[in-house]
Amino acid sequence: MFPPPRRDVLARLPESLGQFTMQFWPWGLALGIVGIWEMFQRQAEVAWMLVLGLVAEYVFVITYAIPDWHDFL
């Protein structure tokens, strides 16, 4: 499938953040940030691989050309 237009991808950015907030609630996001911070302090190489994987998956999902793209977050 072809990727959606850039303006649609840009429009998905705030919507995807809203989806993360709905799924994990604000304290879940805060705990995730604290956890990744601790991982960077203890095992930086593993933390970078985790962040790289999460960013790659996030970019894949927001550029996925289907109507229910948010179900894949």
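Colleague: Where is the place of Q19?
Modeller: Q19 sits in helix α1. Helices here are DSSP runs of H or I with at least four residues, strands are runs of E with at least two, and both are numbered from the N terminus. This is a predicted model, so local features need pLDDT of at least 70 and side-chain atom pairs count only at pLDDT 80 or more, while totals for chains, interfaces and linings use all residues. Residues are numbered from 1 along each chain as its sequence is written, and side-chain values use heavy atoms, with hydrogens and water left out.

Colleague: Is Q19 buried or exposed?
Modeller: Q19 counts as buried, because its relative accessibility is 15%. The cut-offs are under 20% relative accessible area for buried, over 50% for exposed and partly exposed in between, using a 1.4 Å probe and protein chains only.

Colleague: And what is Q19 in contact with, leaving aside its neighbours within four places in sequence?
Modeller: H70 and L73 are in contact with Q19. Contact means heavy atoms within 4.5 Å.

Colleague: OK, zooming out. How many helices and strands does the protein have?
Modeller: There are 2 helices and 0 strands.

Colleague: How do α1 and α2 cross?
Modeller: Their axes come within 13 Å and cross at roughly 175 degrees, with α2 covering residues 44-62. That angle makes α1 roughly antiparallel to α2. The axes are lines fitted to C-alpha atoms, for helices over the stretch in contact, and angles run from 0 to 180 degrees between N-to-C directions. Under 35 degrees counts as roughly parallel, over 145 as roughly antiparallel, 65 to 115 as roughly perpendicular and the rest as oblique.

Colleague: Which residues make that contact?
Modeller: From α1, they include V9, L13, F20, I36 and F40, and from α2, V46, W48, L50, Y58 and I62 are among them. The residues of this contact split into 15 nonpolar, 1 polar and 2 charged. Nonpolar here is Ala, Val, Leu, Ile, Met, Phe, Trp, Tyr, Cys and Pro; charged is Asp, Glu, Lys and Arg; the others, Gly among them, are polar.

Colleague: Is W48 buried or exposed?
Modeller: W48, which lies in helix α2, is exposed, with a relative accessible area of 54%. Its C-alpha is 14 Å from that of G32, 16 residues away along the chain.

Colleague: Switching to charges: how many salt bridges are in the whole structure?
Modeller: The search finds 2 salt bridges. A salt bridge needs a side-chain nitrogen of Lys or Arg within 4 Å of a carboxyl oxygen of Asp or Glu.

Colleague: Why would such side chains pair at all?
Modeller: Side chains of opposite charge can pair when their charged atoms come close.

Colleague: What does R7 form a salt bridge with?
Modeller: R7 pairs with D8, and their closest N and O atoms are 3.3 Å apart. R7 is exposed at 64% relative accessibility, and D8 is partly exposed at 28%.

Colleague: And which side chain does R42 meet in a salt bridge?
Modeller: That of E38, at 3.4 Å from N to O. Both residues are in α1 (residues 6-42), 4 residues apart, about one turn of the helix. R42 is exposed, with a relative accessible area of 68%, whereas E38 is partly exposed at 34%.

Colleague: Backbone next. What is the phi of W25?
Modeller: W25 has a phi near 60 degrees, a positive value in a residue other than glycine. W25 is in helix α1. Most residues other than glycine have a negative phi.

Colleague: Last topic, overall shape. What radius of gyration does the protein have?
Modeller: The protein has 14 Å, whereas a compact globule of 73 residues would be near 11 Å. The radius is taken over C-alpha atoms, and the globule rule is 2.2 Å times the number of residues to the power 0.38. The C-alpha trace spans about 40 × 25 × 20 Å along its principal axes.

Colleague: What percentage of the 73 residues count as buried?
Modeller: Buried residues come to 16% of the 73. Among contacts between residues at least 6 apart in sequence, 59% join residues at least 24 apart.
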